[in-house]
Amino acid sequence: LIAKIKKNPLKRALRVGKLTLAALEPVLRLYLAPERLPERLTTLRLFTRPQADIRAQAEQLLAPLQAAVGQEYTVRAAPLFSQIGSGALPVDTLPSYGLAIAPAHPKRPGRALSRLEAALRTLPRPVIGHIASDALWLDLRCLEAPDMPAFTAQLATLADALTQG
């Protein structure tokens with residue numbers, strides 16, 4: 001079998017080089033202490049966040065975000081599903097929680113939401129959401145506790161951007 005593998009042209013195309021092995025080694029070493037994986041691997045930590053924790057975070061951010069967007073929008077905490085990837089997992093989702101921001105006067109929801117989406121993207125730490133069901137949805141799965149003060153602090157900038165826009 002080894003001789004057949006050596007003759008196959010895919011062997012050369014799929015072989016692992018020194019750089020790949022050098023990068024893979026420290027990652028595999030992390031798995032020697034599985035109890036510490038969530039603290040060391042950000043993606044794993046974010047994928048395994050309990051929905052209840054994300055919900056509590058959404059409820060904490062609800063009032064500051066509502067104050068920032070003013071009476072032109074209504075903000076509510078709501079369950080949603082996080083899309084966890086592409087490639088091997090293009091349609092897999094995880095239960096999550098987030099904030100849904102909808103125009104208070106939905107005559108032209110698309111324009112108001114596009115304006116809000118653009119304002120969020122121009123913040124010092126850009127905030128990316130998605131528009132669906134006449135609301136801009138912010139999934140909070142990847143907003144960790146240490147980042148919350150910076151997120152909240154920049155909401156004053158958002159209020160200014162919406163007032164000027």
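Visitor: What is the relative accessible area of Val91, and does that make the residue buried or exposed?

Guide: Val91 has a relative accessible area of 69%, so this residue counts as exposed (with a 1.4 Å probe and protein chains only, buried means under 20% relative accessible area, exposed over 50%, and partly exposed in between). The model is a predicted one, in which local features need pLDDT of at least 70, side-chain atom pairs count only at pLDDT 80 or more, and totals for chains, interfaces and linings use all residues. Residues are numbered from 1 along each chain as its sequence is written, and side-chain values use heavy atoms, with hydrogens and water left out.

Val91 belongs to the loop that runs between S1 and S2, two strands (a strand is a DSSP run of E with at least two residues, numbered from the N terminus). If you look from Val91 to Pro124, you pass over 33 residues in sequence, and the two C-alpha atoms are 31 Å apart in space.

Now follow the chain into strand S2, which covers residues 93-103 and holds Ser96. Whereas Val91 is exposed, Ser96 has a relative accessible area of 0% and is therefore buried. Leaving aside residues up to four places away in sequence, Ser96 touches Gln51, Ile54, Pro79, Leu80, Phe81, Ser82, Asp139 and Arg141, where a contact means heavy atoms within 4.5 Å.

For another loop, turn to the one between strand S3 (130-132) and strand S4 (135-139), where Ser133 is found. Asp134 lies in this loop between S3 and S4 as well. Ser133 counts as exposed because its relative accessibility is 68%, and Asp134 counts as exposed because its relative accessibility is 51%.

The backbone angles here also deserve a careful look. Most residues other than glycine have a negative phi. Ser133, however, has a phi near 55°, which is a positive value in a residue other than glycine, and Asp134 likewise has a positive phi, near 55°, although this residue is not glycine either.

To gather the picture, Val91 is an exposed residue in the loop between S1 and S2, while Ser96 is buried within strand S2.

Definitions and conventions. Helices (H or I, at least four residues) and strands (E, at least two) are DSSP runs, numbered from the N terminus.
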